[in-house]
Amino acid sequence: AQSVAQPEDQVNVAEGNPLTVKCTYSVSGNPYLFWYVQYPNRGLQFLLKYITGDNLVKGSYGFEAEFNKSQTSFHLKKPSALVSDSALYFCAVPGNFNKFYFGSGTKLNVKP
Amino acid sequence: KAGVTQTPRYLIKTRGQQVTLSCSPISGHRSVSWYQQTPGQGLQFLFEYFSETQRNKGNFPGRFSGRQFSNSRSEMNVSTLELGDSALYLCASRKITRGENTEAFFGQGTRLTVV
């Protein structure tokens with residue numbers, strides 16, 4: 001069975017500091033992993049995905065994610081946080097027939 | 001290129017009524033899936049349609065139903081509304097390409113409030 005877990009409900013970081021939003025996964029077969037962001041009262045926006053290849057994946061808005069097979073993790077990172085990065089972040093893994101399994105979400109608060 | 005369009009954006013309904021939500025996927029995307037998002041339960045999968053066929057269904061009561069038309073547009077219907085059905089309903093479209101794990105694109109959602 002496919003699943004992802006986001007151990008932190010909330011992450012607080014000061015503007016300009018690096019940020020990390022954590023995700024661990026449990027999948028059968030090759031892992032395909034996604035990150036999405038959601039702003040208030042909006043749908044989910046795709047940030048990046050890991051399929052195969054480089055363990056460091058670069059995505060939109062300066063975000064990147066590090067795939068670690070030994071730790072079964074796919075943490076989202078950004079070198080320098082912006083106040084506008086404050087949002088809800090979801091990691092996800094695809095299942096059968098276009099179904100995605102989402103984590104519980106992590107609220108990122110970036111303070112000026 | 002137009003994104004995923006969901007209508008209406010906001011709805012207020014009374015308990016016992018029924019509601020229909022609409023989703024127009026990105027042109028060329030034949031797979032449409034629906035999710036319910038609530039603060040307590042997070043994102044929960046409702047169902048997925050591909051070429052007018054429901055291929056996958058989540059763990060929701062029969063009051064929740066959907067369909068897909070030949071132009072890939074999809075509707076979901078909730079009958080006999082309950083207070084607990086208040087949620088943001090999200091539609092996602094995806095281009096299904098054999099051998100490739102593509103991302104899903106989401107609409108802005110329909111905020112349903114049941115009073």
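1. A:Pro31 is buried in this predicted model, with a relative accessible area of 12% (buried means under 20% relative accessible area, exposed over 50%, and partly exposed in between, with a 1.4 Å probe and protein chains only). A:Pro31 sits in the loop between β4 and β5 (33-38) of chain A; strands (E, at least two residues) and helices (H or I, at least four) are DSSP runs, numbered from the N terminus. Not counting residues up to four places away in sequence, A:Pro31 touches A:Tyr25, A:Tyr50, A:Ile51 and A:Phe67, where contact means heavy atoms within 4.5 Å. The C-alpha atom of A:Pro31 is 8.3 Å from that of A:Thr52, 21 residues apart along the chain.

2. On conventions: residues are numbered from 1 along each chain as its sequence is written, while chains are lettered from A and ligands numbered from 1 in the order in which they are written. The model being predicted, local features need pLDDT of at least 70 and side-chain atom pairs count only at pLDDT 80 or more, whereas totals for chains, interfaces and linings use all residues; side-chain values use heavy atoms, with hydrogens and water left out.

3. Two disulfides are counted over all chains, a disulfide being a pair of cysteine sulfur atoms within 2.5 Å. In chain A, A:Cys23 is joined to A:Cys91 with an S to S distance of 2.2 Å. The torsion about this S-S bond of A:Cys23 and A:Cys91 is about 80°, so the disulfide is right-handed. A:Cys23 belongs to the loop between β3 (19-21) and β4 (24-26) of chain A and A:Cys91 to strand β10 of chain A, so that the pair links distant parts of the chain, 68 residues apart. Both ends are buried: A:Cys23 has a relative accessible area of 1%, and A:Cys91 is at 1% relative accessibility.

4. What is the handedness of the link of B:Cys23 and B:Cys91? With -55° about the S-S bond, the link is left-handed, and the sulfur atoms of B:Cys23 and B:Cys91 are 1.8 Å apart. Because B:Cys23 lies in strand β3 (residues 19-24) and B:Cys91 in strand β9 of chain B, the pair ties together parts that are 68 residues apart in sequence. B:Cys23 counts as buried at 0% relative accessibility, and B:Cys91 is buried with a relative accessible area of 0%.

5. B:Asp85 is a buried residue, its relative accessible area being 4%, in the loop between β8 (74-78) and β9 (87-94) of chain B. Its side chain makes a polar contact with the side chain of B:Arg63 at 2.8 Å. (A polar contact is a pair of N or O atoms within 3.5 Å; within protein, one must be able to donate a hydrogen and the other to accept it, and residues adjacent in sequence count only if both atoms are side-chain atoms.) Leaving aside neighbours within four places in sequence, the contacts of B:Asp85 include B:Gln36, B:Phe64, B:Val78, B:Thr80, B:Leu112 and B:Val114.

6. Most residues other than glycine have a negative phi, and most peptide bonds are trans. A:Thr72 has a positive phi of about 45°; A:Thr72 lies in the loop between β8 (64-68) and β9 (73-78) of chain A and is partly exposed, with a relative accessible area of 31%. B:Thr80 is in the loop between β8 and β9 of chain B and is partly exposed at a relative accessible area of 46%. The peptide bond from B:Thr7 to B:Pro8 is cis, with omega near -10°, and B:Pro8 falls in the loop between β1 (5-7) and β2 (10-13) of chain B.

7. The largest pocket has a volume of about 460 Å³. On a 1 Å grid over the protein atoms alone, a pocket is an open set of points with protein on both sides within 12 Å along at least five of seven lines, a cavity is a set where a 1.4 Å probe fits but cannot get out, and lining residues have an atom within 4 Å of a point. Grid points are joined across faces, edges and corners, and a volume is the space filled by probe spheres set on the points. Of the 22 residues lining the largest pocket, A:Gln38, A:Leu88, A:Phe90, B:Gln37 and B:Pro39 are the closest to its centre.
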